Amino acid sequence: MQLVSATRVVRGLESIIDAVAGVLAEQSLDATLSSMARALNGIVPYTSLAIYEVDFERHALVPVFAEGQFVEETMADAPKLDDSITGKVVKSRQLVHLEPGHPWFGRYIIDGTPQDLEAIVFCPLIVAGRVIGTLNVWREDSAPGFEGTIPTFSPEEAQLIKRFAMLSALAYDNARRRELLSEQARTDELTGLFNRRHFHERLAAELARAQRDEAPVGLVLLDVDDFKRVNDVHGHPVGDQVLIGFGEVLEDHVRAGDVVCRTGGEEFGVILPNADEGEAARCADRLVEAVRAATWSVAGPITASAGVAVAPGDAGTVAALFKAADECLLAAKAQGKDRAVRCSQPPRA
């Protein structure tokens, strides 16, 4: 029996090494998490799995991935470090293996989930001496194919999960760092909006998709009116606050799928997938009105000018569409500011 168990562990360790090599090759965080789950299930089959990230500021664990039973309930739950079994794992930095009947069951139950007969292995994810999260693995008697059985993990299986967690923590941390660097590369440092680089990349992608699907793409370019006066009269810190607030107003008044970017200085762009001329014009008017109605404290009233262009009617390339919208923006400035102008729109008196 001991020889069989030892052979199983050795084969499991070999499988872990092979599996983690594949996990490390994944480029995105989502792909890494999915690959981790898929790889582990091939080594130690389970009915449910969840990966948590530690949020030390909130003193809680944030679910970042789940599959199997009760995924929606698991992703909606953020267990506290002080009153959850997962929190005990983070604090102790040790594996916890619970079999059916263990007295800890019932102390913490995810909202909306039943108290089924289950076995669980909790493993800390540790990188460079830091606990960054946990890997929780279940076998439940309510899962399809397991009804009427007594779920259990053998000690050997628990140790294989632990070894897998040790190596996959490195893959997860690497993917998380890559994601953070990628996000920083496409984010404007002051406003937190997408930057000019991402604006051009996303607009190119939307135009390619629109051409393929024969769908329109709207573009609204906006400029803070008289922004130089804000800086000259109130100083650059107030000017920065105006830009931050301006970006927040834009985000609050666009559709969920629209993309708000700071394209430079006091200039902003909004990409509107599947928006025709009427929808793009209404969006621009709505944004100009929202800026006018916002409260700007010491800076006083702030207004915006906007230019609107729509592909493919006004232009079909990134450069041409941007130029068309920018010319409309300049026309809005020339007509008195605090307004939106769209291509082919007759000038206002």
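**Salt bridges, pockets and exposure in a predicted model**

Modeller: A salt bridge joins the side chains of arginine 139 and glutamate 157, at 3.0 Å from N to O. This pair links distant parts of the chain, with arginine 139 in strand β5 and glutamate 157 in helix α5, 18 residues apart. The model is predicted, with local features requiring pLDDT of at least 70 and side-chain atom pairs pLDDT 80 or more, while totals for chains, interfaces and linings use all residues. Residues are numbered from 1 along each chain as its sequence is written, and side-chain values use heavy atoms, leaving out hydrogens and water.

Biologist: Why is the contact of arginine 139 with glutamate 157 called a salt bridge?

Modeller: The term requires a side-chain nitrogen of Lys or Arg within 4 Å of a carboxyl oxygen of Asp or Glu. The structure holds 18 salt bridges.

Biologist: What is the class of exposure of arginine 212 and of aspartate 213?

Modeller: Arginine 212 is at 61% relative accessibility and so counts as exposed, whereas aspartate 213, at 43%, counts as partly exposed. Their side chains meet in a salt bridge at 3.7 Å, N to O. Arg202, Glu206, Arg209, Arg212 and Asp213 are linked in a network of salt bridges.

Biologist: Which residues line the second largest pocket, and what makes a residue a lining residue?

Modeller: On a 1 Å grid over the protein atoms alone, a pocket is an open set of points with protein on both sides within 12 Å along at least five of seven lines; a cavity is a set where a 1.4 Å probe fits but cannot get out; lining residues have an atom within 4 Å of a point. The second largest pocket is lined by Glu53, Arg130, Asp173, Arg176, Arg177, Glu179, Leu180 and Glu183. Its volume is about 190 Å³, and helix α5 (residues 155-185) gives the most to its lining, with 6 residues.

Biologist: How many residues of the lining of the second largest pocket are charged?

Modeller: The lining divides into 7 charged residues, 1 nonpolar and no polar. Asp, Glu, Lys and Arg count as charged; Ala, Val, Leu, Ile, Met, Phe, Trp, Tyr, Cys and Pro as nonpolar; the others, Gly among them, as polar.

Biologist: What is the volume of the largest pocket?

Modeller: The volume of the largest pocket is about 490 Å³. Of the 33 residues lining the largest pocket, Tyr108, Ile110, Glu118, Ile120 and Trp138 are the closest to its centre. By class, this lining has 18 nonpolar, 10 polar and 5 charged residues. Strand β1 gives the most, with 4 residues.

Biologist: Which residues line the largest cavity?

Modeller: Glu277, Val308, Ala309, Val310, Asp314, Arg342 and Cys343 line the largest cavity. Its volume is about 30 Å³, and strand β9 (residues 304-311) gives the most to its lining, with 3 residues. The classes here are 4 nonpolar, no polar and 3 charged.

Biologist: Is serine 48 buried or exposed?

Modeller: Serine 48 is at 2% relative accessibility and therefore counts as buried. Serine 48 lies in strand β1. Serine 48 and isoleucine 150 are 102 residues apart in sequence and 15 Å apart in space, C-alpha to C-alpha.

Note on methods. Grid points are joined across faces, edges and corners, and a volume is the space filled by probe spheres set on the points. Helices (H or I, at least four residues) and strands (E, at least two) are DSSP runs, numbered from the N terminus. Buried means under 20% relative accessible area, exposed over 50%, partly exposed in between (1.4 Å probe, protein chains only).
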